[in-house]
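Please give a short briefing on the structure shown here, written for someone who has not seen it before. It should go through the helices, the core, the domains and a few single residues in turn.

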Amino acid sequence: MAHRVAIVGAGPSGFYAADGLLRGDPDIGIDIIDRLPTPFGLVRAGVAPDHQGTKAVTRQFDRLLAHPNVRFCGNVEVGRDIGWETLREVYDAVVVATGRVIDRRLGVPGDDLPHVWGSWRFVAWLNGHPDFRAGPDLSAVKRVAVIGNGNVAIDVARVLAKSADEMAKSDIDPQAGAAIAAAPIEAIDVIGRRGPADASFTNNELAEMGRLSRAVALVDAASLDGAAVPAGDPTPEKLRKTKNLDILRGFAANRAGSKPVALRFLFNTAPQRIEKGTYDLVVTCIGYGGADYPKVKGVFAVGWARRGPSGTIPTNRADSHAVAQQVLSWLEDRAPKGGIDPLPPSTDAEGWRRIDKAETAAGAALGRPRVKLTDWPSLLKVAEG
Ligand SMILES: Cc1cc2nc3c(=O)[nH]c(=O)nc-3n(C[C@H](O)[C@H](O)[C@H](O)COP(=O)(O)OP(=O)(O)OC[C@H]3O[C@@H](n4cnc5c(N)ncnc54)[C@H](O)[C@@H]3O)c2cc1C
């Protein structure tokens, strides 16, 4: 009899954990459980809809779903539909891959005003997540503040700045795309509390801001004066920061007014309060928190659930493979429990394939990669076939 492992969360870290487990023990049985009827976590619901190349990693994960020892169990929320304790009793090990996507609050007066959106709520809306169907009212939005200096801030600013043509090959939710295209946006400020050398943008993402058709990237040259990369930084960071400063110097030479939207980078600027009227929309991109899980024997965490909300999709691979080794060592001394299947009825891989097929067919009709099903009843109906 083979060991059975429950992986809770079908995001990248969950799939990489499954991959690591199967590499070490090809006979192991794996249930990948997710609260959504669709797999892939933030690759589907977080990664920007115009960065389809990044989303292509799901092809690897789809191959794992086709593995005979892997079962996808969607539409099962652990903590609601089944307890952690039950999983621990029945499975030989439990891997927590639930991520961490509760928006952090800015912590200043006014951060709860209706025009202030956390980045998760915002990107989940434009990525068609079924729990986030109501988006912001953009019909009178002229000025936008995007608070944060990481790639999520860049994603949010870019998707708001791009023209409908530039988004045409994306899988943005059509209603969100139409609302953004119709918004009278004139200015987008990307606001960082630290200096330009401390921004955590990656070079390619920052450089792309200089190539948008309807938005001109701007920086006040004075804000770059004296900006320098700290001598002690390790080489890759030094290179990244130096290149970022070069890109920003290029933006400083751009002419305001040369394109309809001013996309301005502001540094050393920490909002003290948010008031109605300064900006029509504020999107905070300042990190995430998340629900906890039982830290007991036989339960192993991976990905953002383990490390907190940092690291890219590839970061999760090495991390999950290392944890998979720990799981395999734990299993080595234990006889398989061989208990009953504890899970309630769920959406299986076939159900996901039906959703995938319906979405890609709807997309093909419009020349897009997919048009997502965005409400629970449709997702479940299509999954059932
Ligand atoms: C807005 C945004 C944009 C990003 N863009 C990029 C990018 O362009 N490139 C890049 O490399 N990285 C990007 N990242 C980072 C990347 O998405 C993460 O590194 C990665 O998704 C973390 O994987 P994970 O498996 O730990 O968590 P997630 O991807 O969050 O997966 C967690 C899964 O667990 C499920 N789940 C949660 N709770 C439960 C429960 N109780 N029961 C059952 N299931 C549950 C969720 O539904 C979800 O499917 C981005 C992140 C964000 C937030």
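**Briefing: helices, core, domains and loops**

In helix H4 (residues 58-65), the buried residues are Phe 61, Leu 64 and Leu 65; a residue is called buried if 20 or more other C-beta atoms lie within 10 Å of its own, exposed if 12 or fewer, and partly exposed in between, with C-beta atoms placed from the backbone. These residues lie on the same side of H4, because they cover an arc of only 105° around the axis, the arc being that of the directions from the helix axis to the C-beta atoms. The model is a predicted one, in which local features need pLDDT of at least 70 and side-chain atom pairs count only at pLDDT 80 or more, while totals for chains, interfaces and linings use all residues. Residues are numbered from 1 along each chain as its sequence is written.

- Helices (H or I, at least four residues) and strands (E, at least two) are DSSP runs, numbered from the N terminus.
- The exposed residues Arg 59 and Arg 63 sit on the face of H4 that is turned away from its buried side.
- The cover over the buried residues of H4 includes helix H1 (12-24), strand S3 (70-73) and helix H13 (349-364), where contact is taken to mean C-beta atoms, placed from the backbone, that lie within 7 Å.

**Helix H10**

- Helix H10 (residues 235-252) has 18 residues, and the distance from its first C-alpha to its last is 26 Å, close to the 26 Å expected at 1.5 Å a residue; the expected span is 1.5 Å times one less than the number of residues.
- Its buried residues are Lys 241, Asn 244, Ile 247, Leu 248 and Phe 251.
- On the face of H10 turned away from its buried side are the exposed residues Thr 235 and Asp 246.
- Packed against the buried residues of H10 are helix H9 (203-208), strand S9 (215-219) and strand S10 (261-266).

**Helix H12**

- The 20 residues of helix H12 (residues 313-332) should span 28 Å at 1.5 Å a residue, and its end C-alpha atoms are 29 Å apart, which agrees.
- The buried residues of H12 include Ile 313, Asn 316, Arg 317, Asp 319 and Val 327.
- The elements against which the buried residues of H12 pack include strand S1 (4-8), strand S4 (93-96) and helix H11 (303-307).

**The nonpolar core**

- The largest nonpolar core has 106 residues, and those with the most contacts inside it are Ile 7, Val 95, Val 146, Val 156 and Leu 263; such a core is a set of buried Ala, Val, Leu, Ile, Met, Phe, Trp, Tyr and Cys residues joined through C-beta atoms within 7 Å.
- Helix H7 (residues 151-161) gives the most to this core, with eight residues.
- At least three residues of this core come from each of domain 1 (4-101 + 290-347) and domain 2 (103-287), whose bounds come from an automatic or database domain assignment.
- Leaving out residues up to four places away in sequence, Val 95 touches Val 5, Ile 7, Val 8, Ala 17, Phe 300, Val 302 and Val 327.

**The two domains**

- The centres of domain 1 and domain 2, taken over C-alpha atoms, are separated by 32 Å.
- Nine residues from domain 1 and 15 residues from domain 2 take part in the contact.
- On the side of domain 1 that touches domain 2, the residues divide into five nonpolar, two polar and two charged; here Ala, Val, Leu, Ile, Met, Phe, Trp, Tyr, Cys and Pro count as nonpolar, Asp, Glu, Lys and Arg as charged, and the others, Gly among them, as polar.

**Residues in loops**

- Ala 256, in the loop between H10 and S10, is exposed, with 10 other C-beta atoms within 10 Å.
- Apart from neighbours within four places in sequence, Ala 256 is in contact with Val 216, Leu 218 and Ala 262.
- Phe 40 lies in the loop between strand S2 (29-33) and H2, and has a positive phi, near 95°, in a residue other than glycine.
- Phe 40 counts as buried, with 23 C-beta neighbours inside 10 Å.
- Asn 75, in the loop between S3 and helix H5 (84-90), is not a glycine and yet has a positive phi of about 65°.
- Asn 75 is buried, with 21 other C-beta atoms within 10 Å.

Methods:
Two residues are in contact if their C-beta atoms, placed from the backbone, lie within 7 Å.
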